[in-house]
Amino acid sequence: MISIEACLAEHSVAPAETIARRVRELLCASGSVHEGQFLDLSLDQALQNELRHVRVADMSSSATDGVCMSTAIHVHRLYDEEAAEETADDDEDSNIAFSMWTLPSLEFDGLWESLIYDEDVKPKLLRYVSAAMRFSELGVDSRVISWNRVVLLHGPPGTGKTSLCKGLAHKLAIRMSHRYTQGHLIEVNAHSLFSKWFSESGKMVLGMFTKIREILEDGDSFVCVLIDEVESLTAARQAAVSGSEPSDAVRVVNALLTQLDGLRRYQNALVLTTSNLTAAIDPAFVDRADIKQFVGQPGVRARYQILASCLIELGRAGVLATCGLFLSFEDLKPVLPTPPPTFAVVQRLEVNNPSELGPKHSMMLYAIAESCDGLSGRALRKLPFIAHALYAPDADGTDVETFLCALARGVQHERDARTALHA
C-alpha cells in the first residue's frame, strides 16, 4: 500500500473525488515512485492549478507497475493560522493554559518527513493510532481490552520528541480527512497548571479540560492533546509525598490524571506526551500510556541522512554552488573499506572524472557522520550553520567539497565547545 497526500491550493474548489481520480491517473502515468517523492504536476495542467503539491507519503512495499491500484489518496487543505491561546478560566491575568492549532497546518507541513530515525519509530506510531481508531470504530469493549489512546515518547533532549508529536498530529489529520473535517493540536502548558496560589491550581486544571471537552464534543474534529515534559507534572506529586511541595500539588496531579482518564470516552481524542526524565514519571501515568517509545540519539545511518538532507537544502537555497544527491546509506555502506577511512584520507582521494565526485563526497560525509557520535538530531542540524558562519567562504555558491571541509571543522568546534562547558 502506498499513501499519497494531495495538498489543495488555497483557491481550489474542486471536489475531493475528482482530485483523487486525477492524482491516481497521474500516479499511474509516473511509473515507479519512491517514498518522499513529489509527483510532477506539470504533466497535468488541471491538477497543477488545483494543488500545492502531491507527495508520496509512505510505502509499505516497493513500487511496481501496478502501484496505482494499491494506493490510498488523501486530499487535504492546509490551514494557515497562528495558534490560538486559551486561559484556564475567564480571568484575563491567568497564565496561558494551552495553545491550539487547526490541522492540517501549513506550519507543520513537511515536519514529519524531516524527522529521521534509525528505527521504524514513525511507522510504529502510525500503526498504533490506526489500531486504536479501528478498535473504537468496531466497538471493542474497553473493559475487556484496555487501550487509552495515550502515547509516551521518552529519551534524551534534542531527539525530536516534541516535533514527532506535532508531525504525527498533522499527519493523522491528513490521513483521517475522510472522516473528520479538521483536526486540532492542543499543546498544554504544563508549568502554568501550578498556580502561585496553590488553591487555584485544581480549578485551572478543571477549567482547561472543560474547554478541551467542548472541542471534543464536536464529533467532526480529531483532537490531539500534547503534554510536553510530562515529568514536570508527575514529579510534583512525588515531591509532595516527600514533603517538599504542598499537598495541593498532589491534588492537582490527581485531578490531571482523572481528567485524562475522562478523555477515553471520546473516540476522536489522542493524548501525546514527552519526557526527558523517565525516572521522574509517576508509575500511575506510565500505566496509562499504551505505547512507551524510546527516542534515542541518532546512529551513524540517521546522522548521515540528516546531514545529507541539510546539504541538499543548502544547495537548493544557493548557499552551495551545486549539490547532487548523495549515495543512499544502503548503497554507500557496501563500498566502504573496513575500517571506514577517516575524513582526511577520503579528502586525499584522487577523482579522475566528475562521476566519481558523488561517491567521494558521500564517503566524506559518512566520515563526518561517524565523528558526530553522541550528538542529538537538534545539534546535527545546527552544524551546517556553524560551518558556514565560522569556516566556509563568505560568498554564496561554495563548492560541496570545500563546504564538507568546513563542516568537519564545525564538528570539531562543537565538540571542543561542549568539552569546555564541563571543564
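These are legends for a set of close-up views of one predicted model.

**View 1. The whole chain, before we zoom in.** This predicted model is a chain with 15 helices and 10 strands. Of its 423 residues, 48% are buried.

View 2. With S8 (residues 221-227) the pairing is parallel and runs over seven bridges. Glu187 is a handy residue to look for here: it is the bridge partner of Ser99, and it also stands opposite Leu226 in S8. For reading the side chains, keep in mind that in a regular strand they alternate between the two faces of the sheet.

**View 3. The second largest pocket.** Rolling a probe the size of a water molecule over the atoms shows where empty space is left. Here the volume of the second largest pocket comes to about 390 Å³. The lining has 22 residues, and Gly158, Thr159, Gly160, Lys161 and Ser163 are the closest to the pocket centre. Three helices each give at least two residues to this lining: H3 (111-114), H5 (161-175) and H14 (377-390). By residue class, the lining splits into 10 polar, seven nonpolar and five charged.

**View 4. His154 and what surrounds it.** His154 sits in strand S6, which spans residues 150-154. Buried or exposed? His154 has a relative accessible area of 16%, and since the cut-off for buried is under 20%, it counts as buried. Setting aside neighbours within four places in sequence, His154 is in contact with Lys161, Ser275 and Thr278, and also with Lys292, Gln293, Phe294 and Val295. Lys161 turned up in the previous view too, among the residues closest to the centre of the second largest pocket.

**View 5. His76, tucked in strand S3.** His76 belongs to S3 (residues 71-77), and at 3% relative accessibility it is buried. Which residues does His76 touch, once those up to four places away in sequence are left out? The list is Glu5, Ala6, Cys7, Leu8, Pro104 and Ile174.

**View 6. Two cis prolines.** Most residues other than glycine have a negative phi, and most peptide bonds are trans. The Leu103–Pro104 bond is cis, with omega about -5°. Pro104 lies in the loop between S5 and H3, and it is one of the residues touched by His76. A cis bond also joins Thr338 to Pro339, again with omega about -5°. Pro339 is in the loop that connects helix H11 (329-332) and helix H12 (343-347).

**View 7. Positive phi at Arg149 and Glu229.** Neither residue is a glycine, yet phi is near 55° for Arg149 and near 50° for Glu229. Arg149 is in the loop between helix H4 (121-138) and S6, while Glu229 is in the loop between S8 and helix H7 (231-242). How exposed are they? Arg149 is buried, with a relative accessible area of 4%, whereas Glu229 is partly exposed at 32%.

View 8. Ile116 is in the loop between H3 and H4. Its C-alpha is 8.4 Å from that of Arg303, a residue 187 places away in sequence. Not counting residues up to four places away, Ile116 touches Ala302, Gln305, Ile306, Ser309 and Arg381.

**View 9. An aromatic cluster.** A pair of aromatic rings is described by the distance of the centres and the angle of the planes. Five aromatic pairs come out of a search of the whole structure. Which residues form one aromatic cluster? They are Tyr304, Phe329 and Tyr366.

Key:
Residues numbered from 1 in each chain as written. Predicted model: local features only at pLDDT ≥ 70, side-chain atom pairs only at ≥ 80, totals over all residues. Heavy atoms only, no water. Phe/Tyr/Trp six-rings, centres within 6.5 Å; stacked < 30°, edge-to-face > 60°. Pairing = 2+ DSSP bridges. Helix = DSSP H or I, 4+ residues; strand = E, 2+ residues; numbered from the N terminus. 1 Å grid on protein atoms, 1.4 Å probe; cavity = no way out; pocket = protein on both sides within 12 Å on 5 of 7 lines; lining within 4 Å. Points joined across faces, edges and corners; volume = space filled by probe spheres on them. Nonpolar A, V, L, I, M, F, W, Y, C, P; charged D, E, K, R; others polar. Buried < 20%, exposed > 50% of the residue type's maximum accessible area, 1.4 Å probe, protein only. Contact = heavy atoms within 4.5 Å.
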